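Please walk me through this protein model in plain terms. I would like to know how its parts are held against one another.

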Amino acid sequence: MSRERKAYSKEFKLMSVELSNTRTDLTALAKELDINVTLLYRWRKEFVNKQGSSFPGNGKVILTAAEQELAILKKKLRETQMERDILKKAISIFSKGDNKYSGS
């Protein structure tokens, strides 16, 4: 039995964050809003980190230019490491094959 994922509007998230800044008991606030308290903490963290670009909608995170460049470089690094590992494996396979036949 799968649970359907709830979608919250940007306005609801902003209102929740504003309310959380005025309250001391976030667990009670989360119950009032009918959300999980961890979700409220995540929204607060995102709002503090991103300010105006927080909660863009549809789960799409808006990245700064530096964050975009970092993501691209990390992807290229993963691809390069994977290519290197494949080549290392191929070299070890071929070098083992050379030793078998060189003694005859």
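**A walk through the predicted model**

Lys-6 is exposed, with a relative accessible area of 52%; exposed means over 50% relative accessible area, buried under 20%, and partly exposed in between, with a 1.4 Å probe and protein chains only. This is a predicted model, in which local features need pLDDT of at least 70 and side-chain atom pairs count only at pLDDT 80 or more, while totals for chains, interfaces and linings use all residues. Residues are numbered from 1 along each chain as its sequence is written, and side-chain values use heavy atoms, with hydrogens and water left out.

The side chain of Lys-6 meets that of Asp-34 in a salt bridge, at 3.4 Å from N to O. The term salt bridge stands for a side-chain nitrogen of Lys or Arg within 4 Å of a carboxyl oxygen of Asp or Glu. Lys-6 lies in the segment before α1 and Asp-34 in the loop between α2 and α3, so this pair ties together parts that are 28 residues apart in sequence. Asp-34 is exposed too, with a relative accessible area of 53%.

A search of the whole structure finds three salt bridges. Another of them joins Arg-23 to Glu-32, with the closest N and O atoms 3.2 Å apart. Here Arg-23 is partly exposed at 33% relative accessibility, whereas Glu-32 is exposed at 54%. In the pair of Arg-84 and Asp-85, the side chains meet at 2.9 Å, N to O. Arg-84 is partly exposed at 41% relative accessibility, and Asp-85 is partly exposed at 41%.

Next comes helix α1, which covers residues 10–22. Helices are DSSP runs of H or I with at least four residues, strands are runs of E with at least two, and both are numbered from the N terminus. With 13 residues, α1 reaches 19 Å from its first C-alpha to its last, close to the 18 Å expected at 1.5 Å a residue. The expected span is 1.5 Å times one less than the number of residues in the helix.

Which residues of α1 are buried? They are Lys-13, Ser-16, Val-17 and Ser-20. These residues cover an arc of only 100° around the axis, which puts them on the same side of α1; the arc is that of the directions from the helix axis to the C-beta atoms. The face turned away from this buried side carries the exposed residues Glu-11, Glu-18 and Thr-22.

The buried residues of α1 pack against α2 (26–33) and α3 (37–50). Ser-16 is buried at 0% relative accessibility. Leaving aside neighbours within four places in sequence, Ser-16 is in contact (heavy atoms within 4.5 Å) with Leu-29, Leu-33, Leu-40 and Trp-43. Ser-20 is buried at 2% relative accessibility. With neighbours within four places in sequence again left aside, Ser-20 is in contact with Leu-26, Leu-29, Leu-40 and Arg-44.

In soluble globular proteins, nonpolar side chains tend to be buried together. The largest nonpolar core in this model has nine residues: Val-17, Leu-26, Leu-29, Ala-30, Leu-33, Ile-35, Leu-39, Leu-40 and Trp-43. Such a core is a set of buried Ala, Val, Leu, Ile, Met, Phe, Trp, Tyr and Cys residues joined through side-chain atoms within 4.5 Å. The elements that give two or more residues to this core are α2 and α3. Helix α2 gives the most, with four residues.

A search of the whole structure finds three aromatic pairs. Rings of Phe, Tyr and Trp (its six-membered ring) pair if their centres lie within 6.5 Å; planes under 30 degrees apart count as stacked, over 60 as edge-to-face and the rest as tilted. The rings of Tyr-8 and Phe-12 have centres 5.3 Å apart and planes at 15°, so this pair is stacked. Tyr-8 and Trp-43 have ring centres 5.3 Å apart and planes at 75°, so this pair is edge-to-face. Tyr-8 lies in the segment before α1 and Trp-43 in helix α3, so the pair ties together parts that are 35 residues apart in sequence.

Tyr-8 is partly exposed, with a relative accessible area of 25%, and Phe-12 is partly exposed at 22%. Trp-43, in contrast, is buried, with a relative accessible area of 4%. Ring pairs link Tyr-8, Phe-12 and Trp-43 into a cluster.
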